[in-house]
Amino acid sequence: MDIIYQTWPWYVSGFLIGMIMLCLIYFGKTFGMSSNLRSLCSIAGLGKRVTFFDFDWKAQRWNLVVVIGAMLGGFVAVHFMSDASNVAINPKTIAQLAQLGIDAPNGKLMPEALFGTQIWESPKSIFILIIGGILIGFGSRYAGGCTSGHAISGLSNLQLPSLKAVIGFFVGGLIMAHFLLPLIF
């Protein structure tokens with residue numbers, strides 16, 4: 001059981017993701033988390049008002065199961081199988097976060113200033129969460145998929161639009177981390 005509780009090396013996790021992608025390619029499926037938002041809207045009945053949501057969501061049931069499994073797996077991993085002491089954070093990153101007023105996680109996987117319950121007490125934090133969620137939702141639809149869909153599924157299928165999207169995701173993340181995040185905090 002110690003192997004399960006430890007952080008897995010990249011080559012083990014990468015190999016498992018690759019095997020899952022081979023299975024999806026074999027069965028003619030594509031993977032992506034943001035496409036489930038369209039399925040959920042269709043289930044809710046928005047297909048009667050918006051043609052984009054008018055499709056056979058039942059053909060995508062398997063992808064909804066993937067999302068549920070990811071949420072349950074994440075919950076089990078964090079609450080029952082994780083040991084945050086084996087997560088090493090670069091001291092330079094801790095110093096940069098301290099300059100922004102964000103405390104080091106100190107044995108936790110995420111800093112309380114960003115992921116704690118106190119963010120619901122600040123109107124600024126709530127506004128940032130709402131605007132960020134809208135931008136991510138719009139961006140994933142505009143790019144034709146989310147990071148998991150393009151980076152894992154699209155690149156494994158050698159799709160040029162996915163390569164362009166992944167490059168855009170990385171450039172956008174660098175701009176956000178180095179230029180916009182200091183302005184927000």
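## Cysteines

C146 is buried, with a relative accessible area of 13% (buried means under 20%, exposed over 50% and partly exposed in between, with a 1.4 Å probe and protein chains only). The sulfur of C146 lies 15 Å from the closest cysteine sulfur, that of C41, which is too far for a bond. The structure holds 0 disulfides, a disulfide being a pair of cysteine sulfur atoms within 2.5 Å. C23 is likewise in no disulfide, and its nearest cysteine sulfur, in C146, is 20 Å away. C23 is partly exposed, at a relative accessible area of 44%.

## Basis of the description

The model is predicted: local features need pLDDT of at least 70 and side-chain atom pairs count only at pLDDT 80 or more, while totals for chains, interfaces and linings use all residues. Residues are numbered from 1 along each chain as its sequence is written, and side-chain values use heavy atoms, leaving out hydrogens and water.

## Largest pocket

The largest pocket holds about 1000 Å³ of space. Of the 30 residues that line this pocket, I128, G132, G133, I136 and M176 are the closest to its centre. A pocket is an open set of points on a 1 Å grid over the protein atoms alone, where a 1.4 Å probe fits, with protein on both sides within 12 Å along at least five of seven lines; lining residues have an atom within 4 Å of a point.

Helix α7 (123–142) gives the most to the lining, with 11 residues. Helices are DSSP runs of H or I with at least four residues, numbered from the N terminus.

Notes
Points joined across faces, edges and corners; volume = space filled by probe spheres on them. Helix = DSSP H or I, 4+ residues; strand = E, 2+ residues; numbered from the N terminus.
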